[in-house]
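Visitor: I'd like to learn how to read this model, feature by feature. Could you take me through it?

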Amino acid sequence: MDKLVELENISKIYTNKNVLHNISLTINENQAIAILGGNGTGKSTLLRIIAGIERPSSGKIHYSNKNIKIGYVPERFPKNIRFTPSEYLRYMGEMSGTSKDFLTKRIKNLLHRFQLGGLDNHRIMELSKGNIQKVGLIQAIMQKPNLLILDEPLSGLDFESQENHRGIEKARNHHIDNVS
C-alpha cells in the first residue's frame, strides 16, 4: 500500500495542557482508520492536524504528494451559512479551482443522493442539524479527495442517512466511486 500521510512524534500543547504527546501514525491509500477515545482526549485536534488545518507544537507530518486533496468534515458544521446548499457547494468548489461544468453535475447528483434536492431553495441556516451535516459531507467528497477525514460523521444524521453514508464508505474501500 502507498502511504498518503505519515505523522512522526506529533505533540500539541494548548496553554500548558499537553493534548497530544508523541503520536506517530501512517495512513495508507484505501485504508480506513477509526480514532477512539473519550471526550477531551485530542481526537479532533489530531484530525485537524492531519487535515492541515492546525499545526502541531512539535513533530513532523509528511504528505505523499504536496497536491493531496483532503476532504474534511468537522464534528459541528457551521449553522449560520446564508447560502443555499448549491450556492455554498458551488462557491467552495470554485474557490478550489474546480470547473463549473463538473460542479454543476456533481452537486446535483450529490444533493439527490443525500436527499437534499428538495431543500435547495432553503438557506443552510434554515436546515436541520442532520441536513446541515449532509451538506458538510457533500463538501468533503465533492472533489473526490485522496484522504477523507470525518470527525463524528454520523452525529445528527437519521438512520437512513447513516446507512447511506456507510454505503459510500464501503464503496470507497472497494475502489468504487458510485457517488458521482
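Guide: Let's start with strand pairing: two strands pair if DSSP finds at least two bridges between them. Here β1 (residues 3–14) and β3 pair in the antiparallel sense over five bridges. Helices (H or I, at least four residues) and strands (E, at least two) are DSSP runs, numbered from the N terminus. Before we go on, this is a predicted model, where local features need pLDDT of at least 70, side-chain atom pairs count only at pLDDT 80 or more, and totals for chains, interfaces and linings use all residues. Residues are numbered from 1 along each chain as its sequence is written, and side-chain values use heavy atoms, with hydrogens and water left out.

Visitor: Which residues in β3 are the bridge partners of Glu8 and Leu7?

Guide: Glu8 has Lys60 as its bridge partner, and Leu7 has Ile61.

Visitor: How many bridges join β1 to β2?

Guide: Eight, and these two strands run antiparallel. One example is Val5, whose bridge partner in β2 is Ile27. β1 and β2 form a hairpin with two residues between them, and Thr15 in the turn has a positive phi of about 30°.

Visitor: What is the order of the strands in the sheet?

Guide: It's an open sheet of three strands, ordered β2-β1-β3 with antiparallel pairing. β2 (17–28) and β3 (58–63) stand at the edges with a single partner strand each, so one side of each has no neighbour in the sheet. On average, neighbouring strands of this sheet are turned by 10° against each other, direction ignored. For angles, axes are lines fitted to C-alpha atoms, for helices over the stretch in contact, and angles run from 0 to 180 degrees between N-to-C directions.

Visitor: Which helix packs on the sheet?

Guide: Helix α1 (residues 43–51) does, touching β1, β2 and β3, and its direction makes about 130° with that of β1. Contact means heavy atoms within 4.5 Å.

Visitor: How many salt bridges does a search of the whole structure find?

Guide: First the general idea: side chains of opposite charge can pair when their charged atoms come close. The criterion is a side-chain nitrogen of Lys or Arg within 4 Å of a carboxyl oxygen of Asp or Glu. The search finds three. One joins Glu6 and Lys3 (3.2 Å, N to O). Another links Glu54 with Lys12, with the closest N and O atoms 3.7 Å apart. Glu54 lies in the loop between α1 and β3 and Lys12 in strand β1, so this pair ties together parts that are 42 residues apart in sequence.

Visitor: Which residue forms a salt bridge with Glu54 at 2.8 Å?

Guide: Arg48 does, 2.8 Å being the distance between the closest N and O atoms. Salt bridges that share partners join Lys12, Arg48 and Glu54 into one network.

Visitor: Is Glu54 buried or exposed?

Guide: Buried means under 20% relative accessible area, exposed over 50%, and partly exposed in between (1.4 Å probe, protein chains only). Glu54 counts as buried because its relative accessibility is 15%. Lys12 is buried too, at 11%, whereas Arg48 is partly exposed at 23%.

Visitor: Where is Thr84, and which residues is Thr84 in contact with?

Guide: Thr84 sits in the loop between β4 and α2 and is buried, with a relative accessible area of 10%. Leaving aside neighbours within four places in sequence, its contacts are Asp120, Asn121, His122, Arg123 and Ile124.
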